[in-house]
Every structure is written in C-alpha cells, then in structure tokens.
Amino acid sequence: MEAQRRAKRDEARVIGLSPYGGRTDDLLSLAGAHAKYDEAADNAFKEHKDPSCDERPRLRIAGRVVLHRDNGKLIWLNLRDASRESFQIAVSKKDCDEQGFALAKLTDLGDIVIAEGPLMMTRTGEVTCWAISLQPAAKCLLPPPEKHSGLQDIELRYRQRYIDMWSNPHTTKVLELRSRVISSIRTFLTERGFLEVETPMLQTQAGGAAARPFITHMNALDIELYMRVAPELYLKRLLVGGLPRVFEINRNFRNEGLDKQHNPEFTMLELYQAFGNYETVMALTEDLVRHAARDVSAKKAATLPFRDGTIDYERPFDRVTYAELFEKHLGFAMTERDKVRSEIELRNLKMRTEVGVELDHWFLVNTLFEEFAESKLDPCRPTWIIDYPAALSPLTRPRHDDASLAERADLFIGGMEIGPHYTELNDPDVQAAKFREQLAGVDDEETTFRTFDEDFINALKVGMPPAGGMGLGIDRLIMLLANQSSIRDVIAFPMMKPLGS
RNA sequence: GGGAGCCUAGCUCAAUCGGUAGAGCACCGGCCUUUUAAGCCGUAGGUUCUGGGUUCGAGUCCCAGGGCUCUCACCA
C-alpha cells in the first residue's frame with residue numbers, strides 16, 4: 001500500500017507538482033474560511049453566472065484529506081485541520097486547473113493539500129470551496145485509520161499520537177484546552193505580582209519530595225545527577241534571595257509506578273508567597289482553579305462534568321480538618337494510640353517498618369486515614385483537608401497552638417489529590433532536625449536519595465521570610481477540566497514501554 | 001511486583017462445541033460533473049502478537065514470553 005502511494009506521489013512530480021509543498025502565504029484556517037461564506041454574493045453569481053461580477057470570497061486553505069469522493073469529472077474532498085473537523089472542497093474538471101484536477105485524482109486519504117477558489121453553497125446546503133487550483137502540501141505514505149471510526153486502538157493512539165490527533169479531533173481539543181488553561185494560570189499569577197522562574201531540573205541532590213529520582217551521569221564533572229522530584233528547595237532559596245512572589249510551571253520526574261494518575265514526568269505548578277501562610281495560598285488556589293474552570297466552561301458559572309458526576313467550582317470549597325475527617329470515619333480520635341494500633345491489627349493492614357515510636361504512630365494514622373477517610377470524600381465537592389499531622393509534613397511549620405499539627409492543607413477534587421499547601425518552615429534549626437528525623441530508619445536504597453541538603457539549611461540560616469507555598473498538579477487539573485479519566489489522555493506523549501524489548 | 005482481561009487484513013470488527021479465517025472501510029481496475037460514511041461492477045489483501053505443546057485437525061485448549069487495559073500493592 002505504501003508502494004502505491006509512493007507511485008502516486010511520484011506521478012504528481014511528473015506532472016510538475018511538488019509533492020511536499022512549500023511556503024504558502026495567506027492561508028485561512030478551515031473554520032475561518034467557513035465563516036467567510038457570503039450568501040448574497042453566492043446567490044448573485046448563481047443568478048447571472050457572470051464571471052466578471054463574481055463577488056464571492058475567494059480564499060486559500062489547507063488541510064488533511066479525510067474523505068474523498070471521485071465522481072469522474074467532479075471530485076469532492078473533505079479537509080480537516082485543528083480548527084474544524086471537516087470542510088468540503090469540490091474539484092471540477094471544467095473549473096479547476098489541469099494540474100489540480102490531476103492531483104485530485106491522485107489524492108489519497110491522509111494527504112495534506114492546499115486549495116484555492118471561491119466559496120459557494122451546494123444544492124444540499126453545504127458551504128464549499130469550489131477549487132480553481134489544488135496543490136500538494138505533503139503525501140501520506142502510510143495507510144490511514146478507518147475514516148469513520150477513527151483510530152480506536154488505545155496503544156496506537158498513545159504511541160502514534162500524530163495519527164491519533166488528526167484521526168480523532170477530540171485529542172487535539174484536549175491539548176488545546178491544556179494550553180489554554182496553562183496560559184490562563186500564567187496570566188492569573190502574573191497579574192497578582194508573581195514572577196515566573198526556572199530552577200534546576202538536574203540536581204546534585206533530589207530534594208523537596210520523597211520520591212525515587214531518576215539518576216543520570218554528568219561526564220564533564222564525573223558526578224551523579226538527579227532529575228528533580230520537586231523544585232521546592234530552589235524556589236525557597238529565591239525567597240531568601242529577596243523575591244517576594246515566585247512560581248514555576250515545569251516538569252518533575254519521579255521514578256515510581258505509572259497508573260491513571262501518575263506519569264513518570266508530570267507538570268507541576270509550584271508557588272511561594274513571602275509573608276503569606278497556608279490560608280493565603282489556599283485562597284489563591286481556590287480563586288485560580290475557579291478562574292481556570294470558568295475559562296474552560298462554556299457557561300459563565302463553572303460547573304463541569306467529570307466521570308459520572310458534575311463538579312461545581314463556583315461555591316466555596318468544603319473544608320474539613322484531618323482530625324475531624326479521621327474521627328468521623330474511624331470512630332475514634334487519631335491521638336488514641338492504642339485504638340489506632342488495634343484498628344490496624346483488626347483491619348489486618350500492613351505495618352510500616354519501625355522507625356521510632358512517634359513517627360510509627362503517625363504512619364499508622366495516615367494508613368487508616370488514606371484507606372477509610374480520604375477515600376470517602378465526595379468527588380463532586382472540591383474539598384480542603386487541613387491541619388495534617390506535623391510528623392507527616394517535614395517541610396511545614398507546626399501550628400502555634402498545637403505543635404503536633406502542621407499548617408498544611410491538601411485540595412481534593414474528583415477523588416484526586418490536586419495539591420498540597422503549606423505554611424513554610426523557615427527556622428533552620430527545626431528544619432535541620434526534621435531532615436535528620438526523616439533520614440533515620442530509612443533503608444539503604446532510600447538513603448541513596450534522601451540526603452541532608454546542607455546548603456538549603458545554610459540558606460535558611462541567612463533568613464527566609466515567613467511564607468505560604470503550594471504545589472498544583474497541572475495534569476490532574478487538566479484531567480478535571482477536560483473530563484479525562486486518565487493522565488495519559490492529557491499528555492501529548494505519555495510514557496510507553498518500548499516495543500521489541 | 002500480584003491478579004484479571006485483551007491482542008485476528010492497513011483500520012474498525014466478526015468467526016457457534018476444536019472442523020474451509022470473514023465483513024465494512026481503505027487499497028487496485030472499470031463507470032459516473034452536486035457528492036457528503038457517495039454509488040454500482042470487479043480484483044486483491046492473513047506468520048490470527050511471538051515461541052513451544054496437546055490433537056487427525058488449533059484463531060479457539062495448555063505452557064512460556066511480549067505489549068496494552070483494568071485492578072491491587074508500592075509511592076511522607
């Protein structure tokens with residue numbers, strides 16, 4: 001089949017056409033072209049048939065051929081581009097130039113062509129470009145997917161996104177929505193005085209989150225480098241340096257499993273606001289998410305479908321403390337150590353390794369919490385869980401009134417954790433102690449990437465203003481706004497295992 | 001990493017109990033100047049994911065491997 005298409009390509013060359021096209025100015029998008037139809041001019045031309053007073057708009061368009069109907073001396077093509085699924089071209093032997101008509105005969109589904117001609121309406125009422133010329137722009141040498149059902153095979157859709165995108169227009173729509181949302185977030189933050197920055201992706205220590213990093217080697221310095229798992233410790237250094245409001249939208253890399261909510265590289269918004277706290281950044285995020293939802297929503301009020309339900313972004317997000325939610329679903333307070341322990345045994349849950357009595361208790365609490373409390377949240381109600389146990393939040397400032405709790409909030413929407421929010425810890429001594437506590441008891445593998453960042457402590461010694469900080473999983477936000485249940489559907493090129501291994 | 005399911009023509013999908021591998025679209029040849037998932041006539045297209053096994057006979061049953069999907073586990 002490829003050989004047949006090559007032959008047609010070469011035939012086009014023989015009749016003087018350039019099969020791979022070239023620069024073409026004054027191209028209209030297919031949607032733009034369709035909007036240019038002038039009914040009065042079309043009717044006037046149909047009445048008089050006088051070429052000297054043809055007022056119909058004449059335009060030049062390009063697109064991929066998705067339908068091809070050859071009626072002998074009249075050939076119909078339907079083109080597709082990112083702006084419009086289908087736009088009809090008629091190539092008539094009488095009205096089109098000779099080369100163009102010959103090309104229409106040689107055209108295969110999947111080819112990209114350039115057409116030029118007046119806009120008219122057919123008998124059946126379809127706005128159509130009545131071509132006077134047709135030029136090749138690119139030959140499609142490989143057979144395209146079925147023209148009506150599109151490319152269905154989920155694996156091929158991910159592996160060959162370049163086919164999926166034009167075969168299934170919805171794929172492109174999701175990528176466009178993604179771009180629009182990120183652009184909206186940048187504008188939102190910039191208008192509020194935040195400075196966008198870029199911090200290292202190649203780090204000598206992988207800090208800021210507890211995840212396995214990807215490790216690589218730098219030849220020039222002969223050292224191991226880590227792909228960042230988070231930008232946090234560098235953004236905070238910028239606060240020390242004097243920038244009051246910073247954010248970064250960029251990739252993080254985590255060497256963990258992949259599923260519907262995890263891709264090894266993913267996009268994160270991380271933000272810090274000097275002299276704020278977790279309440280400050282929570283308010284900011286709530287506003288930002290609502291703003292983005294409104295940008296996406298066709299209606300003014302931002303309610304968007306997600307999976308089986310509808311999420312209302314307009315009403316203030318729900319709030320519940322970690323302790324309340326725990327007690328509500330477990331039936332006892334998280335501080336009751338004996339009950340926590342016996343509950344774990346009763347439910348026959350796996351215990352974490354012994355890392356010390358204090359930390360052990362809170363790990364057990366969190367196991368119960370994630371299993372029986374967090375999962376019970378209404379997916380249709382955006383919800384803040386606030387005041388996490390301090391033991392689980394090593395980079396967060398403890399509450400003034402209760403040092404066992406941290407000023408940390410997590411936003412949950414649609415059953416997904418969207419982003420943690422913190423009052424940042426800026427006491428170097430407390431931070432150093434937390435680092436040491438986290439390092440204690442970890443196994444050999446973990447110690448290879450859980451390291452004590454001396455320079456970060458040094459920065460805190462110089463003095464970091466009190467601050468609120470947050471991270472927002474952009475891919476998950478896009479999943480919500482685009483109603484996609486897999487992270488792979490909002491990433492152009494998701495991670496795939498290579499074939500033939 | 002565990003469990004379950006899927007993999008058939010370029011694409012979308014069939015194939016009863018283990019008994020001749022099919023259709024539509026795409027492709028190729030022919031006809032057609034208002035079609036629109038164009039239509040009509042004709043042709044061609046297969047390592048049934050790979051490798052073994054059972055059987056007179058395997059797309060179908062068994063074993064191993066690969067990829068994908070779902071799910072569980074891991075993941076402060």
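In this predicted model, a polar side-chain atom of Lys497 lies 3.0 Å from a phosphate oxygen of RNA strand B. A base oxygen of RNA strand B is found 2.8 Å from an N or O atom in the side chain of Gln88, and for the side chain of Glu126 the corresponding distance to a base oxygen is 2.5 Å. The table lists these contacts.

| Residue | Part of RNA strand B | Distance |
|---|---|---|
| Lys497 | phosphate oxygen | 3.0 Å |
| Gln88 | base oxygen | 2.8 Å |
| Glu126 | base oxygen | 2.5 Å |

On the side of the RNA, 63% of the atoms within 4 Å of the protein belong to sugar or phosphate, and the rest belong to bases.

At least two residues each come from α1 (2-14), β2 (58-70), β3 (74-81), β4 (84-92) and α5 (154-159). The largest share, five residues, is supplied by α5.

The cysteines form a separate topic. With a cut-off of 2.5 Å between cysteine sulfur atoms, the count of disulfides is zero. For Cys129, which is in no disulfide, the nearest cysteine sulfur is that of Cys96, 9.3 Å away. Cys129 is buried because its relative accessible area is 0%, under the limit of 20%. Cys140 is likewise buried, with a relative accessible area of 13%.

Conventions
Residues are numbered from 1 along each chain as its sequence is written. Chains are lettered from A and ligands numbered from 1 in the order in which they are written. This is a predicted model: local features need pLDDT of at least 70, side-chain atom pairs count only at pLDDT 80 or more; totals for chains, interfaces and linings use all residues. Side-chain values use heavy atoms; hydrogens and water are left out. Buried means under 20% relative accessible area, exposed over 50%, partly exposed in between (1.4 Å probe, protein chains only). A residue is near a molecule or strand if one of its heavy atoms lies within 4 Å of it. A polar contact is a pair of N or O atoms within 3.5 Å; within protein, one must be able to donate a hydrogen and the other to accept it, and residues adjacent in sequence count only if both atoms are side-chain atoms. Helices (H or I, at least four residues) and strands (E, at least two) are DSSP runs, numbered from the N terminus.
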